[in-house]
Amino acid sequence: MTTTHEHHHHAPADLSPEEPPRISVSELLPDVYKAMIRLDIAARKGLDPVLVELVKIRASQLNQCAFCLDMHSKDALAAGESVERIVQLSAWRESRHFYTGKELAALALTEAVTVLTDGFVPDDVYAEAAEHFEQTELAQLIAAITVINAWNRFGVTGRLAPGHYTPGDFKH
């Protein structure tokens, strides 16, 4: 059995060609990129790093940001997250027993904040998150969700290619 996901250099010839990036905002606007990194660090301060990765993966799934999915799945694995919990994230409501009540509340809030046009952030979703997170931590979570959505928008619009990230590439 051949595995196509481990070594990109020996990928079989039948794989589709990689799409070239459209634009790298981070390279063109280093000040914006540096400010985003600072914002990212400030937003996640005090939050459980694994929870942050779950939130980043779920938002990136919803936004179909391939670059961020690649990065945060790898970062979650490197942080000790299980393959099973990462795989089940796209169907977390059907696999609630894989996650804590706090994680479920964070995932529901992530979806509501990410898909704002889908009825805004419902009161019950916000109330559930407020039960599991004290106020400052809830503010951090909202900030972390907002930041990954910003990253996703850069990644999707720039068509940044997934597959090249190794955990530790970006020192935050």
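# Helix packing, stop by stop

Helix 3 and helix 4 lie roughly antiparallel to each other, because their angle is over 145 degrees. This is a predicted model, and this pair is the opening stop.

**Helices 3 and 4.** Select residues 49-62 for helix 3 and residues 66-78 for helix 4; the two pack at about 155°, and their axes are 9 Å apart. Looking along the crossing, helix 3 passes helix 4 in the left-handed sense. Now show side chains. From helix 3, E53, K56, I57, S60 and Q61 take part, and they meet C68, L69, H72, S73, D75 and A76 of helix 4. Coloured by class, this contact of helix 3 with helix 4 shows 4 nonpolar, 4 polar and 3 charged residues.

**Helices 7 and 8.** Next select residues 123-132, which form helix 7, together with helix 8; their axes come within 8 Å and cross at roughly 125°. Helix 7 and helix 8 are therefore oblique to each other. The crossing of helix 7 past helix 8 is right-handed. On the helix 7 side, pick Y126, A129, A130 and H132; on the helix 8 side, pick E137, L138 and I142. The classes in the contact of helix 7 with helix 8 are 5 nonpolar, 1 polar and 1 charged.

**Helices 6 and 8.** Helix 6 and helix 8 cross in a right-handed manner. For the contact itself, select K102, A106, L109, T110, V113 and T114 in helix 6, then E137, L138, L141, I142, I145, N149 and R153 in helix 8. The contact of helix 6 with helix 8 is made up of 7 nonpolar, 3 polar and 3 charged residues. E137, L138 and I142 of helix 8 were also picked at the previous stop, where they meet helix 7.

**A salt bridge in helix 2.** Move to residues 30-44, helix 2, and select D40 and R44, which are 4 residues apart, about one turn of the helix. The side chains of D40 and R44 form a salt bridge, with N to O at 2.6 Å. The count of salt bridges comes to 9.

**Confidence.** Finally, colour by pLDDT. The protein has a mean of 93, and 92% of its residues reach 70 or more. Residues 1-7 fall below 50, and beyond near neighbours in sequence this stretch has 1 contact in the model.

Notes: Residues numbered from 1 in each chain as written. Predicted model: local features only at pLDDT ≥ 70, side-chain atom pairs only at ≥ 80, totals over all residues. Heavy atoms only, no water. Left-handed = near helix turned anticlockwise from the far one by under 90°. Contact = heavy atoms within 4.5 Å. Nonpolar A, V, L, I, M, F, W, Y, C, P; charged D, E, K, R; others polar. pLDDT = per-residue confidence, 0-100. Salt bridge = Lys/Arg side-chain N within 4 Å of Asp/Glu carboxyl O. Axes fitted to C-alpha atoms, helices over the stretch in contact; angles between N-to-C directions. Parallel < 35°, antiparallel > 145°, perpendicular 65-115°, else oblique.
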